[in-house]
Amino acid sequence: MVLQARNKHREAAPKPPQPPRASQSPLRGAPDAGAGEPGPERAPRSPGRKGAAGRKGPRAEPAAPSAGGGLGGRLVAGLRGALGLRRAGRGRTWTTLLLATFAAVLHWSHITHLFENDRHFSHLSTLEREMAFRTEMLQQLDTAILTSYTPPRTGNLRHHIISSGLYYSYFKTIVEAPSFLNGVWMIMNDKLTEYPLVINTLKRFNLYPEVILASWYRIYTKIMDLIGLQTKICWTVTRGEGLSPIESCEGLGDPACFYVAVIFILNGLMMALFFIYGTYLSGSRLGGLVTVLCFFFNHGECTRVMWTPPLRESFSYPFLVLQMLLVTHILRATKLYRGSLIALCISNVFFMLPWQFAQFVLLTQIASLFAVYVVGYIDICKLRKIIYIHMGILEMKPHFLKINVSELSLWVIQGCFWLFGTVVLKYLTSKIFGIADDAHIGNLLTSKFFSYKDFDTLLYTCAAEFDFMEKETPLRYTKTLLLPVVLVVFIAIVKKIISDMWGVLTKQQAHIRKHQFDHGELVYHALQLLAYTVLGILIMRLKLFLTPHMCVMASLICSRQLFGWLFCKVHPGAVVFAVLAAMSIQGSANLQTQWNIVGEFSNLPQEELIEWIKYSTKPDAVFAGAMPTMASVKLSALRPIVNHPHYEDAGLRARTKIVYSMYSRKAAEEVKRELIKLQVNYYILEESWCIRRSKPGCSMPEIWDVEDPANAGKPPLCNLLVKDSKPHFTTVFQNSVYKVLEVTEE
């Protein structure tokens, strides 16, 4: 039994510098007292009317000199300028920042604790850590959060589309290269990932986070070496049960520990953004508290960074939170500042660079913003500055108004133009230029509504995370009261929208039409919630967008804009804390169940496989097999592979289909002939891939029956090769999970 020992990391909180002096000119705030901070000329606030920002944006304000503000003071001033916070409330700004910092540290500690408990990462060897990066356990760990079940830590649990170890392998390449530039050149001219092709993996796999982290790691280790500080501690761990001892290193000097630590710090900072987001949207720090607690109470539905840190969303999603916060500010502000637009641009870049799926998320945002514009909640100038649409939609509205088109007709016309300018044009350009990389997305969505099936769509939909949202998810939302609270908020916003739209539609003269600019950010969030709900229902994996957004929407339970009529009768603090107390009943149970997940990573069959490959095959031996296993072979054994888990590329999908024909009912000689064309030397066969079945129609032979009906009814080739690989293949290695077949030309 390995005893767990953790280093205690102590961080001294820096003493906040003296902020700049407050300006004495009051700024324009929200029409309701609870949404903004009072200026020096306003009466003292009543209890419970705490807020972080006014609903209206700030006027331009000269920078006040600061005797001792320093960098900290300038940062706070920048935050106030970006989010419209008052200088008169500088003390309250510091309080908000301190509370946000506390939320960040709390979340960082939480996910670090869960990750360590789950696999005892600090005591794993380098090889074990690399194998631990491999498995994406969303379905199993969702189950673990609801029950006392602790998922197994060995073997392939189900069909996998993504293996996070593939991303880490490129970080490892740059770290171990003779120089940083040499490492970047290696991943831009990669010969191992799709042998014999040479591909630019930096561009293909969005590896910009790995490049940045590798540069930080190299700088960090060099600086520590120069000043003579130790960056890691290594010891020998006795595993028992006849297993050989391993060397385990802990500390930021270990590449895997550094990589994971930075990801967890980033996602800790994300919680600070959520607190600021909820505070700003609701106009009260109580709203920030509601957002953070809802996130914790529904943690298993909000994120999976604690189980699989290297996933693209771990790097990308925190910047989406920042981006949506900035969009909220821009929608609320009466005057746009260049700094806000620049910040929005930067957050967009950092959101899109790490994740190829980001474009689809931003599409839903643009659709929501366009709908907000169509019904008149934001003006044309503001929308143009946000999304820079280069079609003529925005310029055509004044012409339609001149010919006295009714308001309802105008909404329909602009909606049709938007649909044509996005979905239709995307489809047509893909057909004209023969772009096939995104074709599987359309087929996947088609399969959701119709009976369409093919090899690629079944490979996706048979994995639980790409199936429809499970029925238990809304039930879990209800138990923590997240869903009821969000429904109350949503109904309040819809009621406001209907009232405004009815007022507009009843106006007969277009020139007396009254634009509604007051609550554009609320309408946007309601529409974005609908978009995320659709995505989450269609693809369960995408509830990772829906649930956090629900937590942000829940903050509006504190908004006087929506519930001022209630807060005139009942103290808002009483309402909020009553709701949080009810949420905490199931929420604390969910947290306790997460904390009770304790395991220790061990995958001896794969460890034996990797060790055999490293010492018994040539460095240029080419391997094929299941996608997640190939990621491990590339990462830990540094052998060329012909297929990998990044399934978005059309060419890779075609290669994988050939490789997976080993689990079809085709003849052995036919499969061997295709493998030889790919120049495969060894095939790693896994019997579990031949027999497991996540649901009816989802075993690999059944998937192949859809793709290859001519051979339906024949015995699966994998079953035959498990019993006897001759005469077409030669078994060169075998254990309880893996069987390595040598592919030799006759």
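Strand E4 (residues 682-686) and strand E6 (residues 738-742) run antiparallel and are joined by five bridges; strands here are DSSP runs of at least two residues (E), helices are runs of at least four (H or I), and both are numbered from the N terminus. Two strands count as paired if DSSP finds at least two bridges between them. The model is predicted, so local features need pLDDT of at least 70 and side-chain atom pairs count only at pLDDT 80 or more, while totals for chains, interfaces and linings use all residues. Residues are numbered from 1 along each chain as its sequence is written, and side-chain values use heavy atoms, with hydrogens and water left out.

Strands E5 and E6 run antiparallel with four bridges between them, and a hairpin of three residues connects E5 to E6.

The open sheet as a whole has four strands in the order E3-E4-E6-E5, with mixed pairing. Strand E3 (623-625) and strand E5 (730-734) stand at the edges with a single partner strand each, so one side of each has no neighbour in the sheet. From one strand to the next the twist averages 30 degrees. Helix H26 (residues 604-616) packs on the sheet and touches E3, E4, E5 and E6, its direction making about 25 degrees with that of E6; contact means heavy atoms within 4.5 Å, and the angles, from 0 to 180 degrees, are taken between N-to-C directions of lines fitted to C-alpha atoms, for helices over the stretch in contact.

Elsewhere, the structure holds 20 salt bridges, each a side-chain nitrogen of Lys or Arg within 4 Å of a carboxyl oxygen of Asp or Glu. Three of them are listed here.

| Salt bridge | N to O distance |
|---|---|
| Arginine 304 and glutamate 313 | 2.7 Å |
| Arginine 541 and glutamate 313 | 3.9 Å |
| Aspartate 456 and arginine 653 | 3.8 Å |

Arginine 304 is buried, with a relative accessible area of 2%, and glutamate 313 is buried at 12%, where buried means under 20%, exposed over 50% and partly exposed in between (1.4 Å probe, protein chains only). Both aspartate 456 and arginine 653 are buried as well. A network of salt bridges links Glu301, Glu470, Arg476 and Lys543.
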